Amino acid sequence: MARAQHIDAVLKNWPYEPGDVSVRLVAGGDGREVLQMRVDLGLLQLEVDHRPDGARPGGAETYFDYLLSLAIHEGDDFQLTPEQCAEVDREFVQYYQRRICWLALREFDRAVRDANHSLALMDFVKNCSPDEDWTRSHEQYRPFILFHRTQAAALAALEDSSPEKAIEELNSGIESMRQAWQAGDPETPFEEDEMVERLNQLRESLRDHYNVGRTLNEQLAEAVATEQYELAARLRDEIAKRGGD
């Protein structure tokens, strides 16, 4: 019988706090950084790059990469099997767990990266799903992933001392959430959703705190809506100039 290795000391020195996301970034004896998240009855350890559990499905960096290679090989007829659906779900959960770790640690660029992976995987499996019910069971979470991504992108921009860009990230993310929301045909009006309210509150608090008026893209949208085309052209030139800079 193998000798048991308890983790009592680790759990005792790191108490679990219900309702908190308790996370730390640590380096092991080999110098490799890993994320650790305290959960009820234990802890999770996640790799910081590629797949959180460190596995290489089919030799690929993630299960998404592995599925892409299968789809390229099999062509337009490629469809997920029940076993592949289960593995997709595993990867979704792992990336969700790491995403909330990055958010708790204020590693916003990394949170955006992991949200992008989940959204790209969601797009892929939607096109090769075995049935509509399975697709809907996943698409219902798209607004939530977009919410996390929007928060992280805005706060990353703010850390780069660009409150105007942060507001633009919020506007863009809210619009992406609106499109996903409408596609899901929800009962709750979009503007009344708690996630949307929180993003709107963050946007307006940034305007007040940093004294930011309407952004160039907001002015452009209004100019187009009111058919002020000369003003719209000038605003487009200014936006292009700033993008080049």
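The backbone nitrogen of Thr81 lies 2.9 Å from a polar atom of the Gln84 side chain, a polar contact in the sense of an N or O pair within 3.5 Å, where within protein one atom must be able to donate a hydrogen and the other to accept it, and sequence-adjacent residues count only if both atoms are side-chain atoms. Gln84 itself lies in helix H3. This is a predicted model, so to speak of local features a pLDDT of at least 70 is needed, side-chain atom pairs count only at pLDDT 80 or more, and totals for chains, interfaces and linings use all residues. Residues are numbered from 1 along each chain as its sequence is written, and side-chain values use heavy atoms, with hydrogens and water left out.

**Gln84 and its surroundings**

- At 13% relative accessibility, Gln84 counts as buried; buried is under 20% relative accessible area, exposed is over 50%, and partly exposed is in between, with a 1.4 Å probe and protein chains only.
- Leaving aside residues up to four places away in sequence, Gln84 touches Tyr63, Leu67, Leu70, Phe78 and Gln79, where a contact means heavy atoms within 4.5 Å.

**The overall layout**

- The protein has 10 helices and 3 strands, taken as DSSP runs numbered from the N terminus (helices are H or I with at least four residues, strands are E with at least two).
- Going from the N terminus, the order of elements is α-β-β-β-α-α-α-α-α-α-α-α-α.
- Of the 245 residues in the protein, 39% are buried.
- Looking at contacts with a separation of 6 or more, 53% of them involve residues 24 or more positions apart.

**Helix H2**

- H2 covers residues 63–74, which is 12 residues, and reaches 16 Å from first C-alpha to last, close to the 16 Å expected at 1.5 Å a residue; the expected span is 1.5 Å times one less than the number of residues.
- Tyr63, Phe64, Leu67, Leu70 and Ala71 are the buried residues in H2.
- Seen down the axis of H2, those buried residues fall within an arc of 120°, so they line one face of the helix; the arc is that of the directions from the helix axis to the C-beta atoms.
- That buried set packs against helix H3 (82–104) and helix H4 (108–127).
- On the face of H2 turned away from its buried side you'll find the exposed residues Ile72 and His73.
- At the start of H2, a side-chain oxygen of Thr62 comes to within 3.4 Å of the backbone nitrogen of Phe64.
- Just after H2, Gly75 has a positive phi of about 85°.

**Aromatic rings and a charge**

- The count comes to 5 aromatic pairs; rings of Phe, Tyr and Trp (its six-membered ring) pair if their centres lie within 6.5 Å, and planes under 30 degrees apart are stacked, over 60 edge-to-face and the rest tilted.
- The rings of Phe64 and Phe124 have centres 5.7 Å apart and planes at 55°, so this pair is tilted.
- This pair links distant parts of the chain, with Phe64 in helix H2 and Phe124 in helix H4, 60 residues apart.
- Phe64 is buried at a relative accessible area of 11%, and Phe124 is buried at 14%.
- For Trp181 and Phe190, the ring centres are 5.9 Å apart and the planes are at 70°, so the pair is edge-to-face.
- Trp181 and Phe190 are both buried.
- Phe64, Phe78 and Phe124 form one aromatic cluster.
- The charged end of Arg98 sits over the ring of Tyr95, 4.9 Å from its centre; the rule is NZ of Lys or CZ of Arg within 6 Å of the ring centre and within 35 degrees of the ring normal.

**Loop residues**

- Leu41, in the loop between strand E2 (33–39) and strand E3 (42–47), has a phi near 75°, positive in a residue other than glycine.
- With 82% relative accessibility, Leu41 counts as exposed.
- His50, in the loop between E3 and H2, also has a positive phi, near 60°.
- His50 counts as partly exposed at 41% relative accessibility.
- Val21 is placed in the loop between helix H1 (8–13) and strand E1 (22–27), and at 44% relative accessibility Val21 counts as partly exposed.
- C-alpha to C-alpha, Val21 and Leu105 are 9.5 Å apart in space, though 84 residues apart in sequence.
- Not counting residues up to four places away in sequence, Val21 touches Met37, Ile100 and Ala104.
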